[in-house]
Amino acid sequence: MSEKMDVNLTGVKQSKGVWLVKVPKYLAQQWDKATEKGEVGKITIGKKHGKTEVHFSLSEELAAVGEKDASLQVPRDHPFTMHTVGGQTLAVFSQSDKDEISLEGMVVHRAECRPVVNDNYMKLKKLHMQESTKPQRLSQQLERAITTVFKPVANHDFNVEYEKKKKSEGKMVRAERQVVLDMLFSAFEKHQYYNIKDLVDITKQPVTYLKEIMKEIGSYNSKGAHKSTWELRPEYRHYQSGEEEEEMQTT
C-alpha cells in the first residue's frame with residue numbers, strides 16, 4: 001500500500017489560476033542554463049481584432065546554443081497558440097527538496113509555445129538533423145587480436161525488443177515526433193507540395209501517424225492545381241508562396 005502524504009492546498013484557497021504551456025525541448029534546455037534568480041524572458045499579452053495574443057521573448061543571454069558557433073542561436077520570438085481547457089479539471093503540483101507536495105493552482109488556460117520560423121530556427125533544425133543522423137556506433141580497426149573470449153549470442157535483447165515493437169505496431173515503427181518533424185521540415189525546404197505517399201516514403205512513418213502531424217503543421221489542398229497534396233502552413237514556411245512573390249513583384 002502506498003504511503004499517504006499531506007498536500008499543501010494554499011493554491012486552492014487563494015484561487016490561483018495557472019497556465020499549462022507546452023514548450024519546445026530546446027527552449028526548456030536553454031531555461032536550465034539560467035541562474036537561480038535569472039530572467040529567462042518576457043511575456044507580453046495584448047489584443048488584436050478583439051482576440052488575445054500572447055508572445056514570449058527569450059532573454060538574449062540564453063539565446064546562444066554553444067561556444068563552437070557563436071552565430072548559431074535558438075529563436076527568441078515565440079507566439080502562443082491558445083487552447084481551451086476542454087472541460088477538464090487540471091492542476092499543477094510542486095515538490096520541494098523535502099518531498100513536500102503543494103498544489104500551486106488550477107489550470108485556467110492551455111497553450112503551445114511555438115517559434116517564429118526564421119534563419120536561426122532553420123539552422124537549429126539542421127543541427128538537430130545532423131545530430132540525429134550521427135551513428136551511435138563507430139567501427140575501429142584494431143592493431144592486435146583480442147584474446148578475450150566472448151560467448152556468441154543468438155539474438156541480442158535490443159533486437160528482440162525491436163522485433164516485438166515492430167510486430168505490435170505494424171511494419172512501420174513510429175519515430176519520436178520531433179524526429180518526424182525534422183524530416184518533414186527538411187523535405188519541405190526542397191519542395192512546396194507533397195502527396196501523402198511521398199511523405200510516407202521520405203519519413204517511413206505510418207500514414208495515420210503522419211497525417212496526424214501534418215494536420216498540425218500543414219494544409220491539405222483538396223482542389224486546384226495542387227489537388228491531393230500537402231503544404232506547410234504559413235507560420236512554418238521558410239519560403240514565399242507564388243501569390244506572395246507575385247504580390248511583392250507587383251508592389
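Guide: At 45% relative accessibility, Asp99 counts as partly exposed, a class lying between buried (under 20% relative accessible area) and exposed (over 50%), with a 1.4 Å probe and protein chains only. Although Asp99 is not a glycine, its phi is positive, at about 65°. Most residues other than glycine have a negative phi. Asp99 sits in the loop that joins strand S6 (91-95) to strand S7 (101-113); strands are DSSP runs of E with at least two residues, helices are runs of H or I with at least four, and both are numbered from the N terminus.

The model is predicted, so local features need pLDDT of at least 70 and side-chain atom pairs count only at pLDDT 80 or more, whereas totals for chains, interfaces and linings use all residues. Residues are numbered from 1 along each chain as its sequence is written, and side-chain values use heavy atoms, with hydrogens and water left out.

Ser228 likewise has a positive phi of about 65° without being a glycine. The loop between strand S8 (218-221) and strand S9 holds Ser228, and its 37% relative accessibility makes it partly exposed.

With 14 residues at 1.5 Å a residue, H5 should span 20 Å, and its end C-alpha atoms lie 21 Å apart, which agrees; the expected span is 1.5 Å times one less than the number of residues.

Two packed helices are described by the angle between their axes and the distance between the axes. Here axes are lines fitted to C-alpha atoms, for helices over the stretch in contact, and angles run from 0 to 180 degrees between N-to-C directions.

Helix H3 (residues 119-133) packs on helix H5 (residues 177-190) at an angle of about 120°, the axes being 10 Å apart. H3 is therefore oblique to H5: angles under 35 degrees count as roughly parallel, over 145 as roughly antiparallel, 65 to 115 as roughly perpendicular and the rest as oblique. This crossing is left-handed, meaning that the near helix is turned anticlockwise from the far one by less than a right angle; clockwise would be right-handed. H3 contributes Tyr121, Met122, Lys125, Lys126, His128 and Met129, and H5 contributes Gln178, Asp182, Met183, Phe185, Ser186 and Glu189, where contact means heavy atoms within 4.5 Å. By class, the contact of H3 with H5 has 5 nonpolar, 3 polar and 4 charged residues; Ala, Val, Leu, Ile, Met, Phe, Trp, Tyr, Cys and Pro count as nonpolar, Asp, Glu, Lys and Arg as charged, and the others, Gly among them, as polar.

The axes of H5 and H7 cross at roughly 65° and come within 11 Å, so these helices are roughly perpendicular to each other. The crossing is right-handed. From H5, Arg177, Val180, Leu181, Leu184, Phe185 and Phe188 meet Tyr209, Leu210, Ile213, Met214, Glu216 and Ile217 of H7. The contact of H5 with H7 comprises 10 nonpolar, no polar and 2 charged residues.

H5 and H6 pack at about 120° with axes 10 Å apart, which makes H5 oblique to H6. Their crossing is right-handed. Met183, Leu184, Ala187 and Phe188 of H5 touch Leu199, Ile202 and Thr203 of H6, giving 6 nonpolar, 1 polar and no charged residues.
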